[in-house]
Every structure is written in C-alpha cells, then in structure tokens.
Amino acid sequence: MIDMASWNLSVPVGSPPATIETSKLVSGFKDQYFNSDGSTVYFWAPVTGTRTENAKYPRTELRETYSNGTLHNWLYPDADNLLRATLVVNQVPSSGKIVIGQIHAYESTRPMVKVEYQYSESTQSGNIVAKVRMRPDDKEGRVINIAQDVKLDREFSYRIHLGRSGALSVAAAGYQWDTQIGAAWGNKPLYFKAGVYVQDNTGYKSEGGKATFSRLDIDHNK
C-alpha cells in the first residue's frame with residue numbers, strides 16, 4: 001500500500017503545469033500521466049510536456065506535503081529523514097536520463113540531492129547516479145555512480161537518508177554511498193520529491209520517462 005497522504009503532484013500539462021492537491025490524490029486521482037491503484041504508482045512524463053517555472057525539463061513528480069495538503073518543509077537537524085522507494089523504470093527519453101528521487105531546497109531551483117537513472121543504448125542497461133551539492137551555494141554538485149547494470153523493467157530499490165548530524169547516505173540496487181554534507185544546509189528548509197523528472201525536452205510526444213513504483217514512503221523520526 002502506497003499512501004498518497006504525504007504528497008501533492010505536478011503533471012506536465014497546462015501553463016503553468018497543473019498541481020494535483022493531496023486530497024485529490026487520496027481520493028484516487030488518475031490521468032494519462034499518473035495512476036495509483038494503492039499497490040503501485042505509475043508515472044509518465046513526455047519530453048513534450050509543459051515545464052514548471054525555471055525548469056528545463058518536464059516532470060510528473062510528487063512533492064512532500066502534510067496530510068492536510070500544506071507543504072512539508074523540514075530542517076535536517078530536527079529529525080532522522082528517510083525516503084525509500086522500490087520501482088521499475090519502464091522507459092527513458094533519448095538522453096537516457098530520468099530523476100527518480102530528490103531532496104530539494106525550498107524556494108530554490110537547485111536541489112541538495114538528485115537520484116538519477118542513466119540508461120545507455122550501448123550496454124542496454126542503466127546506472128544509478130547521485131548528484132549532491134555539498135553546500136547550498138555550490139553551483140555544481142558531486143556526481144557519484146552508486147550502482148551499475150540496472151536493466152529497464154527490472155525492479156530495484158533506492159534510499160535517501162539524511163541524519164540529524166548531516167550524515168547523508170544514498171543507496172540503490174544493493175550499493176551505498178556515504179558522505180557528510182556542509183553545516184550550512186542546517187537552516188535551509190528541505191523536502192522530498194519522487195517520480196519521473198525527464199532530463200530531456202526534445203522529440204516526439206511518445207518519447208519520455210515512465211516508471212512504476214511499488215513502494216514509496218517517507219519517515220521523519222524525531
């Protein structure tokens with residue numbers, strides 16, 4: 001069972017792109033971009049979709065909220081913060097890249113952490129990559145290859161864990177990377193995101209990113 005009471009949803013249609021509120025997700029919202037049947041959640045984002053303000057690429061992506069629908073932003077020193085997901089990547093755009101999970105920074109265009117699936121036609125498989133900005137003022141983040149040889153349509157899990165001390169771990173497909181983020185992040189409001197954020201914006205409307213999640217949950221352990 002995937003609980004929709006912790007999220008709202010951005011879908012790549014309309015100008016600006018539509019936001020589906022938490023209450024509608026809980027009530028069973030579905031369209032061509034998103035479908036939740038309780039046990040799985042399906043995401044589709046075409047490269048031709050509309051884009052949120054300041055974004056280069058389209059997304060069908062969940063954003064963390066409280067159960068009443070208000071935005072949930074948190075400071076990492078206040079809790080032990082976890083995002084866990086199990087999913088299958090079903091399709092990638094021509095670039096081969098889709099972001100499947102994030103720690104984003106409130107009122108910023110640059111996230112702390114992006115977990116990205118990167119598919120290669122030559123190997124017919126993908127890598128799971130973490131892109132991490134160690135400090136809020138970093139323009140470019142570190143790029144860490146977490147796991148290799150993850151096929152399309154093969155189930156895998158990832159976990160993003162940010163502890164009270166600033167210890168960050170990103171695990172995917174059985175591998176894990178650990179680091180310590182800069183203390184300057186301590187007073188920056190953060191939030192989790194998950195879904196399909198395609199790293200491509202050219203091509204036919206049949207091109208894009210598609211993924212099916214069978215687990216998606218958040219914990220903030222005080």
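N81 is buried, with a relative accessible area of 1%; buried denotes under 20% relative accessible area, exposed over 50%, and partly exposed the range in between, using a 1.4 Å probe and protein chains only. The structure is a predicted model, in which local features need pLDDT of at least 70 and side-chain atom pairs count only at pLDDT 80 or more, while totals for chains, interfaces and linings use all residues. Residues are numbered from 1 along each chain as its sequence is written, and side-chain values use heavy atoms, with hydrogens and water left out.

N81 lies in strand 6; strands (E, at least two residues) and helices (H or I, at least four) are DSSP runs numbered from the N terminus. The side chain of N81 forms a polar contact of 2.7 Å with the side chain of H220, and it also reaches the backbone oxygen of A79 at 3.0 Å. A polar contact is a pair of N or O atoms within 3.5 Å; within protein, one atom must be able to donate a hydrogen and the other to accept it, and residues adjacent in sequence count only if both atoms are side-chain atoms. When residues up to four places away in sequence are not counted, N81 touches W74, Y76, I160, H161, L162, F192, D219 and H220, where contact means heavy atoms within 4.5 Å.

Strand 6 (residues 80–91) pairs with strand 15 (residues 208–221) in the antiparallel sense over 11 bridges; two strands pair if DSSP finds at least two bridges between them. Within this pairing, L82 has D219 of strand 15 as its bridge partner.

Both strands belong to an open sheet of seven strands with antiparallel pairing, in the order 3-4-15-6-11-12-13. Its edges are strand 3 (34–36) and strand 13 (175–180), each of which pairs on one side only. From one strand to the next, the twist averages 20°, with axes taken as lines fitted to C-alpha atoms (for helices, over the stretch in contact) and angles running from 0 to 180 degrees between N-to-C directions.

## Strand 7 and its partners

Strand 7 (residues 97–105) is largely enclosed by the rest of the structure, because eight of its nine residues are buried. Seven bridges join strand 7 to strand 14 in an antiparallel arrangement, and I98 stands opposite V198 of strand 14. Strand 7 also pairs with strand 8, in the antiparallel sense over six bridges; there, the bridge partner of I103 is V113.

## The largest nonpolar core

The largest nonpolar core has 58 residues, of which W7, I103, Y158, L168 and F213 touch the most other members. Such a core is a set of buried Ala, Val, Leu, Ile, Met, Phe, Trp, Tyr and Cys residues joined through side-chain atoms within 4.5 Å. Strand 14 (residues 190–198) gives the most to this core, with five residues. In soluble globular proteins, nonpolar side chains tend to be buried together.

Apart from neighbours within four places in sequence, W7 is in contact with residues including L25, L62, L83, F192, A194, L216 and I218. N8 is found in strand 1 (residues 7–11) and counts as buried at 7% relative accessibility. With the neighbours within four places again left aside, the contacts of N8 include T19, I20, E21, E61 and L71.

Strand 8 and strand 9 pair in the antiparallel sense over eight bridges, and V115 has A130 of strand 9 as its bridge partner. Six of the eight residues of strand 9 are buried, leaving this strand mostly covered. Strand 9 additionally pairs with strand 10 (residues 142–150), in the antiparallel sense over six bridges, where G126 is partnered by V150.

Q124 is placed in the loop between strand 8 (113–120) and strand 9 (125–132). The hairpin has four residues between its strands, and Q124 takes a positive phi near 55°. Q124 counts as partly exposed, at 43% relative accessibility. The side chain of Q124 reaches the backbone oxygen of E121 at 2.8 Å; not counting residues up to four places away in sequence, Q124 touches Y119 and K151. Q124 and M112 are 12 residues apart in sequence and 29 Å apart in space, C-alpha to C-alpha.

## Annotated span

The unreviewed UniProt entry carries the annotation "domain: Alginate lyase" for residues 2–220; UniProt positions follow the numbering used here, feature names are shortened, and annotations may be inferred rather than shown by experiment. In the model, the end C-alpha atoms of residues 2–220 lie 17 Å apart, and the span is 2% helix and 50% strand.
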